[in-house]
Amino acid sequence: MSHATAVRPVLDLRGIDKSFGPVRVLHDVALTAYPGEVTALVGDNGAGKTTLVKGIGGVHGFDAGEYRFNGEPVRPRSPRDAAALGIEVVHQDLALCENLDVVENMFLGRERSNGLALDETAMEEAARRTLASLSVRTVGSVRRRVSELSGGQRQTVAIARAVLWDSRLVVLDEPAAALGVAQTQQVLELVRRLADKGLAVVLVSHNMNDVFAVSDRIVALYLGRTAAQVRTADVTHRQVVELITSGRTGDLGLPA
Ligand SMILES: Nc1ncnc2c1ncn2[C@@H]1O[C@H](COP(=O)(O)OP(=O)(O)OP(=O)(O)O)[C@@H](O)[C@H]1O
Ligand SMILES: [Mg+2]
């Protein structure tokens, strides 16, 4: 039996449409993501990846289509709604607060109180435990301000926040775009560990090496439409590049 029929998807989008005023950005988009797997979302600049990610994360709604999470139809109206469902999005324009430290960022909006004061000790301990569970050793003190962290360290904090809150689905929009080689490697390893913990991960990336290194499935968007959903093991780099640049690839037998 194939994985697709044996395991219920965490995220199942079908027939998704989204316009901004007169501009139709997404048409009839489908995307399915499974627990324990990394699903790469690929497509050229402007293909609609971030628009799709923001809809998943409740930043904006979709105009039409089915959005199912753990089999149930959902309609998150804000990032807070999405987080309450177990959906955590690390946005392309990374949403951490520069002037706060690592712990404060990880608990932002969900601070733990022990009655009168915030329970700093408990939050610090939970932040440290979460980073350790992901084998993150590069951040140093959890009391460092995010403004002092490198791009890779910031990504790590954003990802750890998703794990801390017991998310079922983590969506990362180009987490490695601004990172160096070593940091990219660390973020990719972290992405893999998230999936190995049983989460469903959707990774937006332009980098074919990263996509092939870490993903189990690939969803290609072309001009706001789903050009293909394939298993990574079933395709070559060249085929995926063809899907991104022309929306089809003859030798996959996909429709023109
Ligand atoms: N708020 C908005 N209002 C109007 N048009 C928008 C808005 N947001 C995005 N678009 C348009 O939607 C299209 C898709 O944009 P989107 O950011 O989703 O692309 P993307 O695939 O993430 O691209 P990139 O790889 O460059 O990040 C683009 O043509 C963009 O100009
Ligand atoms: Mg984008």
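**Helix packing and the ligand shell**

Analyst: Keep in mind that this is a predicted model. The axes of helix H5 (residues 120-133) and helix H6 (residues 151-164) cross at roughly 105° and come within 9 Å.

User: How is H5 oriented to H6, then?

Analyst: Roughly perpendicular. Angles of 65 to 115 degrees count as that, so the crossing of H5 and H6 qualifies.

User: Which residues meet there?

Analyst: From H5, Ala126, Ala127, Thr130 and Leu131. They meet Ala160, Val163 and Leu164 of H6. By type, the contact of H5 with H6 has 6 nonpolar residues, 1 polar and no charged.

User: Switching to ligand 1. What is it surrounded by?

Analyst: Phe20, Val23, Val25, Gly43, Asn45, Gly46, Ala47, Gly48, Lys49, Thr50 and Thr51. Strand E2 (23-33) and H2 are the elements giving two or more residues to that shell.

User: Which one gives the largest share?

Analyst: H2, with 3 residues.

User: And how many of the shell residues are nonpolar, polar or charged?

Analyst: The shell around ligand 1 has 4 nonpolar, 6 polar and 1 charged.

User: Which ones are buried?

Analyst: Lys49, Thr51, Leu52, Val53, Lys54, Gly55 and Ile56. Lys49 and Thr51 are also among the residues around ligand 1.

User: What about just after H2?

Analyst: Gly58 sits there, with a positive phi of about 80°.

How values were computed: Residues numbered from 1 in each chain as written. Chains lettered and ligands numbered in written order. Predicted model: local features only at pLDDT ≥ 70, side-chain atom pairs only at ≥ 80, totals over all residues. Buried ≥ 20, exposed ≤ 12 C-beta atoms within 10 Å, placed from the backbone. Helix = DSSP H or I, 4+ residues; strand = E, 2+ residues; numbered from the N terminus. Axes fitted to C-alpha atoms, helices over the stretch in contact; angles between N-to-C directions. Parallel < 35°, antiparallel > 145°, perpendicular 65-115°, else oblique. Contact = placed C-beta atoms within 7 Å. Nonpolar A, V, L, I, M, F, W, Y, C, P; charged D, E, K, R; others polar. Near = placed C-beta within 6 Å.
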